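Dear colleague,

Please find the structure below. My notes on it follow.

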Amino acid sequence: MRARDRWLAVAAGLLAACAFVALAAALPGYSHLVHPVALPGAAGMPHALAFNLLVFVLPGLLLAVCAWRLRARLPERAGMAARLGAAMLLLSTLAYAAQGLLPLDIAHPDDGASRWHAVAWTLWWIAFLAGATLLSARLRGLRLAAMAAWLLVLGAGVLLPGLLGAGPSQRLAFAAWFAWMGWLDSRAALSRAAASGPGSPPPARR
């Protein structure tokens, strides 16, 4: 993998994190322990357009480029399951970006635009977990990472909000997703997975 591809994933995470912290701080009364991540980008909020663009749309598109190139870097023996997994990761990145194109409507939290935002959120984590599972099914070197993805993204994003609230749980889920995508997009991660794929020769003894 080219070095600039690795920097795309890093840049996506840094852009989303820095923009989120800076623009959320500009919203009076916003609490990271209480409010959902997408609230500063809700319709009618100050700086909503900048928030959605810098926190969701641009980072999602940067990671979409990484996911697109991932499929081309898969070893030939990876098979259809791994390639479908890469396609699901691409869908996850696009669903993440779509959350910025479909902002919340705080006046109608349960219908209209808010419902479409919830659809994009749900598609984001479902596509990601499906992609991680399909990749790890064929590339054994990714199996521990896929288990971690299930525990962190599914647990934090879906199961923990009832215990921790939307604030901490969403932040943990997004952080885990960015970290996993960045790790996967590193040359070392993919080469180790390819080396341990089905049918690969055993490592040479020294």
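The bend at a residue is taken as the angle between axes fitted to the seven residues ending there and the seven starting there. By that definition, helix 2 bends by about 35° at Leu54 (helices are DSSP runs of H or I, at least four residues, numbered from the N terminus). This is a predicted model, in which local features need pLDDT of at least 70 and side-chain atom pairs pLDDT 80 or more, while totals for chains, interfaces and linings use all residues. Numbering starts from 1 along each chain as its sequence is written, and side-chain values use heavy atoms, without hydrogens and water.

Helix 2 (residues 48–73) packs against helix 7 (residues 166–184) at an angle of about 35°, the axes being 10 Å apart (lines fitted to C-alpha atoms over the stretch in contact, with angles from 0 to 180 degrees between N-to-C directions). Helix 2 contributes Phe56, Pro59, Leu63, Leu70 and Arg73 to the contact, and helix 7 contributes Phe174, Trp177, Phe178, Met181 and Leu184 (contact means heavy atoms within 4.5 Å).

Helix 2 has 26 residues and spans 37 Å from first C-alpha to last, close to the 38 Å expected at 1.5 Å a residue (1.5 Å times one less than the number of residues).

Regards

Key. Helices (H or I, at least four residues) and strands (E, at least two) are DSSP runs, numbered from the N terminus.
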